[in-house]
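Please keep the sequence and the structure in view while reading.

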Amino acid sequence: MDEAVVRNADAAFAPVEAAVTARRIPGAVLGVLSADGERIVRATGFAQIEPDRAAMRRETWFDLASLTKVLSTTTTILCLVEAGKIGLDDPLTTAIPDLRQYDVAGAAERKLTFRSCLSHQTHLPAVEPLYSYGQNPATLRAFVLQRVWKPGPPVYSDINFILLGIAIERLTGRPLIELAPEGFSFRPNPEDCAATERCTWRGRIMRGEVHDENAYALGGASGHAGLFGNADALLDFAAALLGGTLLSAASIAALRTRQSATRSLGWEMAYPGWSGGDACAPTVIGHTGFTGTGLWIDWDNGRAWTLLTNRVHPSRHVETGIQELRRRVGDLVSAG
């Protein structure tokens, strides 16, 4: 393997180990994919510290949280476009004709397109506590579809991707929980997983069940959250994207095209202060997950890296320095 890649990976792992030693995060796995297809994966700390301790391993599965948006939902939508089932600029009503069905003429939601939802260029809110309205997945889906959403400026929105997930279910005729990408799962073995939060709503430590309350109430899988995977699965995904075997050239070009100052379709693109650091090329795409996960893909240099942590274990209500850690790792991986 290229000595520079090893040197950069070593340097990037040092602040990760320091964060674990300082008990800012329980544990982490860092994976780096080089341009020649080789990889370095290193683990440190604990997959669980409460109620019992379990060591972090290279093979540990993580609740990927919002990485679901790009690994599963965005990729599936682009595959459906490639298959001619939909167009990016088609309205969601192409797949969900009953969206706001009681106001066919005037509802703003009926004008939403696949592109606008993928790129977070809609009027929809960032999040809504759907789980507080009940736990019947079918009823909650109906609520999302018929809700009169308050208009606002474009923001990063889980609701965009919940709608996209419903569209995927309609277009494929299958529930999302059966549509995990290869190497990932919506129903992992809990013993293989890093623990997340001690949930006050559910009254237990989450391990192997989705941390996101809305995804849980929607049945465990949603367009915005619910996917689990480990570092090697993420690097396999990145290698398939970089190698052009996962999506067509047109879809990859779409992923690399800015739709706003900070986003392409689904993914973030490099901008000042973002999670991938300042040393990366401007064409790098990436995404993070609330639980402490992230994946970044460097098209120009043919490399990728993933930092997976369980930073919400046992509570989200502490400052872990995760943004600074992500940026530091990105700068060190991208150095030279």
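## The sheet and its order

Two strands are taken to pair if DSSP finds at least two bridges between them. The model is a predicted one, and in this model seven strands form an open sheet in the order 3-2-1-11-10-9-8, with antiparallel pairing. Strand 3 (54-55) and strand 8 (268-269) stand at the edges of the sheet, and because each has a single partner strand, one side of each is left without a neighbour in the sheet.

At the end of the order where strand 3 stands, strand 2 and strand 3 pair in the antiparallel sense over two bridges, and one of the contacts there has alanine 54 in strand 3 as the bridge partner of glutamine 48.

## Strand 1 and its two partners

Strand 1 pairs with strand 2 in the antiparallel sense over seven bridges, and it pairs with strand 11 (residues 303-309), again in the antiparallel sense, over six bridges. Alanine 28 illustrates both contacts: its bridge partner in strand 2 is threonine 44, while its bridge partner in strand 11 is threonine 309.

How many of the residues of strand 1 are buried? Seven of its seven residues are buried, and the strand is described as mostly covered. Both faces are covered, with Gly27, Val29, Gly31 and Leu33 buried on one side and Ala28, Leu30 and Val32 buried on the other.

## The hairpin turn and a negative patch

Strand 1 and strand 2 form a hairpin with five residues between them, and glycine 37 in the turn has a positive phi of about 90°. Aspartate 36 also has its place in the loop between strand 1 (27-33) and strand 2 (39-48). With a relative accessible area of 48%, aspartate 36 is partly exposed, and together with Asp2, Glu3 and Glu38 it belongs to a patch of negative charge on the surface.

Side chains of opposite charge can pair when their charged atoms come close. With a salt bridge taken as a side-chain nitrogen of Lys or Arg within 4 Å of a carboxyl oxygen of Asp or Glu, the count comes to 21 salt bridges. Aspartate 232 takes part in a salt bridge with arginine 39, in which the closest N and O atoms are 3.0 Å apart. This pair links distant parts of the chain, since aspartate 232 belongs to helix 7 (residues 231-243) and arginine 39 to strand 2, 193 residues apart.

Aspartate 232 also meets arginine 58 in a salt bridge, at 2.8 Å from N to O. Because aspartate 232 lies in helix 7 and arginine 58 in the loop between strand 3 and strand 4 (62-63), the pair ties together parts that are 174 residues apart in sequence. Aspartate 232 is buried at a relative accessible area of 18%, whereas arginine 39 counts as partly exposed at 26% and arginine 58 counts as partly exposed at 32%. A network of salt bridges links Arg39, Arg58, Asp232 and Asp236.

A further salt bridge is formed by the side chains of arginine 303 and aspartate 298, at 3.1 Å from N to O, and both of these residues are buried.

## Backbone geometry in the loops

Which peptide bonds are cis? The bond from glutamate 50 to proline 51 is cis, with omega near -5°, and proline 51 has its place in the loop between strand 2 and strand 3. The bond from histidine 313 to proline 314 is also cis, with omega near 0°, and proline 314 is found in the loop between strand 11 and helix 9 (322-333).

Positive phi values also occur in residues other than glycine, including arginine 23, where phi is near 65°, and histidine 120, where phi is about 60°. Arginine 23 lies in the loop between helix 1 (3-21) and strand 1, and at 74% relative accessibility it counts as exposed. Histidine 120, by contrast, is buried at a relative accessible area of 2% and lies in the loop between helix 3 and helix 4 (137-146).

Methods:
Residues numbered from 1 in each chain as written. Predicted model: local features only at pLDDT ≥ 70, side-chain atom pairs only at ≥ 80, totals over all residues. Heavy atoms only, no water. Patch = residues over 30% accessible without salt bridge, like charges linked within 9 Å, V, L, I, M, F, W, Y side chains within 5 Å. Areas by Shrake-Rupley, 256 points an atom, 1.4 Å probe, with all protein chains shown as cover. Lys, Arg positive; Asp, Glu negative; His and termini not counted. Charge placed at Lys NZ, Arg CZ, Asp CG, Glu CD. Helix = DSSP H or I, 4+ residues; strand = E, 2+ residues; numbered from the N terminus. Buried < 20%, exposed > 50% of the residue type's maximum accessible area, 1.4 Å probe, protein only.
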